[in-house]
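Me: I'm new to this one. Could you walk me through how to read a few of its features?

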Amino acid sequence: MSVKVDQIIRTERKSTEIQVSVEGHIIVRAPLNEPIERIEEIIESKKFWLLRTQQIAKAKYLNDLHKKYEDGEKFLYLGIERNLQTIDNDPVPLSYRDGTFFLSKNYLKFANKFFIDWYKDRALDYISGVADRFSSLYKIPYKKVIIKDSFSQWASCSGDGNLNFSWRVVLVPPEVIAYLVVHELAHMDIRNHSSDYWIKVEQMMPDYLKHENSLKEYDHILSILKNDGGPSFTDSRDSKKKEDISKQNKQLEFEI
Ligand SMILES: [Zn+2]
């Protein structure tokens, strides 16, 4: 059995690193001029570890997409998997304390909806806080944060100054959320992906590239709790794949 590499990301780094993403993709991060033969050699030397880790990741990923709302199930929040505990006869459908979600058994049937509502509330609160912080720090005004149910893109901005985010943004780690906010906020000043734009982003967040690259690993999160009759991952988002925001991209698209 051979190892299939899903993505090779070359950057100015010193060593080659191999990662297995949450969805079981194998991602190689390599120095700009590392020969492909050398990368293949490294992969071969880690073959068994990679295949096993990939298998575990894939199984876990599939499990994540089919929530049963049972005790012990994990739900992402700010990049960390939190435990679910179901409780009898609680009038509050869903609450969150000390890293644990508590779901009232009375509302099991509507658990999906209550989770999405909870994430939406938190997303508005959390993202507004981050946006306000960067907005005052870099003197970039914006109108307001709007939370959407988007599963095809993380964020976008509108010409009249609104910053739009999928509620699923609160599932990824805080540093990645901060990058998504910085990305949109910088568009308030520069409405394209020109090199001036990226310089601006870099001023606001010197290590932004690391977070931008990591978005690929979180791609599957956009499909979580898709509100269309059950948790599933379809190909619909592939047809409207998020913009490739490479530095060469000169399109007037603000989405990410
Ligand atoms: Zn953009």
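This is a predicted model: local features need pLDDT of at least 70, side-chain atom pairs count only at pLDDT 80 or more; totals for chains, interfaces and linings use all residues.

Me: How do strands hold together in a sheet, and in what order do they come here?

Reply: Strands of a sheet pair through backbone hydrogen bonds, and they can do that parallel or antiparallel. Here you have an open sheet of three strands in the order β1-β3-β2, and the pairing is mixed. β1 (7-11) and β2 (17-20) are at the edges with a single partner strand each, so one side of each has no neighbour in the sheet. On average, neighbouring strands are turned by 20° against each other, ignoring direction.

Me: Which way do β1 and β3 run, and how many bridges join them?

Reply: They run parallel, and five bridges join β1 to β3, which covers residues 26-31. For a spot to look at, find Gln7: Ile27 in β3 stands opposite.

Me: Where does Tyr69 sit, and is Tyr69 buried or exposed?

Reply: Tyr69 is in the loop between α2 (47-65) and β4 (74-77). Tyr69 counts as buried because 20 other C-beta atoms lie within 10 Å, and the cut-off for buried is 20 or more.

Me: And Asp98, buried or exposed?

Reply: Asp98 is exposed: it has 5 other C-beta atoms within 10 Å. You'll find Asp98 in the loop between β6 (94-97) and β7 (100-104).

How values were computed:
Residues are numbered from 1 along each chain as its sequence is written. Helices (H or I, at least four residues) and strands (E, at least two) are DSSP runs, numbered from the N terminus. A residue is buried if 20 or more other C-beta atoms lie within 10 Å of its own, exposed if 12 or fewer, and partly exposed in between; C-beta atoms are placed from the backbone. Two strands pair if DSSP finds at least two bridges between them. Axes are lines fitted to C-alpha atoms, for helices over the stretch in contact, and angles run from 0 to 180 degrees between N-to-C directions.
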